Amino acid sequence: LENMAFMEVIQTDQSEPESPDLLKASILVHDPFPWELRLVMPRELAASIAEALYSPTDESDTDKLLLDVLAELLNTIAGRVMAEVVSHEDTFRLGLPETGVGPFAETDLPLVQCAFEVEGDCFFLAACGDALPGIMSQDI
């Protein structure tokens, strides 16, 4: 995000979103091991990022643009994470990002969540899946 939109990102210890107006995106990693990466962000922060990246016009379909921004951001994050997790000789396969409105449903799968602050708003990244303990044991 710092490179894409020139916005400083700081990890924080906030445990859940404060805003009730949330947008979400998720992406499945299919290979070499299955897991899911999730992104939840207040609509206001997504709008700030969209403005920094695309300078949308008033005629833009705002909801579609904001969800597209989340999908693209999550796709970039997932690709960078997987590039660190798999060896340089191995390949990985990502699914297509899925987007929506609201928080994510609870899961019984192993879950790791991190919060980040950008311009006074927090967004959350979460990884979940049975393969997660093995991924987290790697030095990335």
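Select Lys 24 and Phe 104 to begin: Lys 24 lies over the face of Phe 104, at 5.3 Å from the ring centre (a charge sits over a ring if NZ of Lys or CZ of Arg is within 6 Å of the ring centre and within 35 degrees of the ring normal). The model is predicted, so local features need pLDDT of at least 70 and side-chain atom pairs count only at pLDDT 80 or more, while totals for chains, interfaces and linings use all residues. Residues are numbered from 1 along each chain as its sequence is written, and side-chain values use heavy atoms, with hydrogens and water left out.

Of its 32 residues, Leu 37, Leu 39, Met 41 and Phe 123 touch the most other members. Phe 123 is buried, at 4% relative accessibility.

Stay with Met 41 and show its contacts (heavy atoms within 4.5 Å): leaving aside neighbours within four places in sequence, they include Ala 46, Ile 49, Leu 70 and Phe 123.

Now move to Asp 31 and Pro 32, which are joined by a cis peptide bond with omega of about 10 degrees. Finish at Glu 119, which is not a glycine and yet has a positive phi of about 50 degrees; with 55% relative accessibility, Glu 119 counts as exposed. Most residues other than glycine have a negative phi, and most peptide bonds are trans.

Key: Buried < 20%, exposed > 50% of the residue type's maximum accessible area, 1.4 Å probe, protein only. Core = buried A, V, L, I, M, F, W, Y, C linked by side-chain atoms within 4.5 Å.
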